[in-house]
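User: I have a structure open and want to learn how to read its features. Can you take me through some, one at a time?

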Amino acid sequence: MNEITVTEKQKRAEESIRKKFHKQLFTPFARACKTYRLISEGDHIAVCISGGKDSMLMAKLFQEIQRHRQMNFELTFLVMDPGYKKENRELIESNAKALGIPVTIFESDIFDAVDTIEKSPCYLCARMRRGYLYSRAKALGCNKIALGHHYDDVIETILMGMLYGAQIQTMMPKLHSTNFEGMELIRPLYLVRESDICAWRDYNDLHFLRCACHFTEACAAGREDEESLSKRLETKKLIAALKKENPFVESNIFKSVENVNLDTVIEYKKDGKRYHFLDSY
């Protein structure tokens, strides 16, 4: 069997989005963009690519929806190297080239900055990465950054907030930046299932970074690391166990934050102010 050329790999990946995985991937992507008004006329969107399966697919879906020409908007495919090992940086670059994604790469020293942090290094790393991405995207003339969080990330966040954070909140499909005026964060994979992303990856025999944090090397080597013990992984396993008894548990979790009845909530916060049911009892 002949080795697949770059052009053939790109063609196969794009064709699978248009045909085999159109219903599973492009349809929910386009629906999220329309439902949550993620793309507007004249937007310049920085599609943030970490090197993982989610952000790489997101880049291809953006290229596909732009091809439809229903709205005029610009795309910059932005990659931040926070201190990857050489082989991981090269993997991102080779995948981008093979898939026809013209990436813009910039470097930061985030991994070095969080290396000595013992408490919540992943949280700090994520916050710093987002700040760097906002800053570089704005400098490039972008008004939005797009991140690759998907449906499963959303429902896991909802449940994690309740079980471990004693709060009810969700991962929003879009947010105004509080530190970068005029900038917005969007999540166009909001309605796309992780299993479908994995199916697309495997169908096309694509190999991405398994995670985008400082533990990428351990993940790629299949070794146990902090992520294996994380609350997110525990929550993922819990949802999978509940689904065995109730096949609708995932959609019920998602819909729960769309059906909040404030008449039955003891206390809630709005714009930083607390409201108690006794205030108007």
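Analyst: Gladly. This is a predicted model. Start with Glu-64, which counts as buried because its relative accessible area is 6%, and buried means under 20%.

User: Which residue does the side chain of Glu-64 meet in a salt bridge?

Analyst: Arg-67. The salt bridge between Glu-64 and Arg-67 spans 2.7 Å, N to O. Both residues lie in helix α3, three residues apart, about one turn of the helix. Arg-67 is partly exposed, because its relative accessibility is 46%. That pairs a buried Glu-64 with a partly exposed Arg-67.

User: What are the spacing and the N to O distance for Glu-14 and Arg-18?

Analyst: These two sit four residues apart in helix α1 (residues 6-18), again about one turn of the helix. Glu-14 is buried at 18% relative accessibility. Arg-18 is partly exposed at 34%.

User: How many salt bridges does the whole structure have?

Analyst: A search finds 19. Another of them joins Arg-89 and Asp-81 at 2.8 Å, N to O. Asp-81 counts as buried, at 8% relative accessibility.

User: Which residues are linked in a network of salt bridges?

Analyst: Lys-53, Asp-54, Glu-156, Glu-194, Arg-232 and Lys-236.

User: Now helix packing. How are two packed helices described?

Analyst: By the angle between their axes and the distance between the axes. Take α3 (residues 53-67) and α4 (residues 86-99). Their axes come within 11 Å and cross at roughly 25°.

User: Are α3 and α4 roughly parallel or roughly antiparallel?

Analyst: Roughly parallel. Angles under 35 degrees count that way, and therefore the α3 and α4 pair qualifies. The crossing of α3 and α4 is right-handed.

User: Last, the surface. Which residues form a nonpolar patch there?

Analyst: Met-162, Leu-163, Tyr-164, Ile-168, Leu-238 and Leu-242. Together they have about 570 Å² of accessible area. Two elements give two or more residues each: α7 (151-165) and α10 (231-245).

User: Which element gives the largest share of the patch?

Analyst: Helix α7, with three residues. Leu-163 lies in α7.

User: Is Leu-163 buried or partly exposed?

Analyst: Partly exposed, because its relative accessibility is 46%. The band for that class runs between 20% and 50%.

Key: Residues numbered from 1 in each chain as written. Predicted model: local features only at pLDDT ≥ 70, side-chain atom pairs only at ≥ 80, totals over all residues. Heavy atoms only, no water. Patch = residues over 30% accessible without salt bridge, like charges linked within 9 Å, V, L, I, M, F, W, Y side chains within 5 Å. Areas by Shrake-Rupley, 256 points an atom, 1.4 Å probe, with all protein chains shown as cover. Salt bridge = Lys/Arg side-chain N within 4 Å of Asp/Glu carboxyl O. Buried < 20%, exposed > 50% of the residue type's maximum accessible area, 1.4 Å probe, protein only. Axes fitted to C-alpha atoms, helices over the stretch in contact; angles between N-to-C directions. Parallel < 35°, antiparallel > 145°, perpendicular 65-115°, else oblique. Left-handed = near helix turned anticlockwise from the far one by under 90°.
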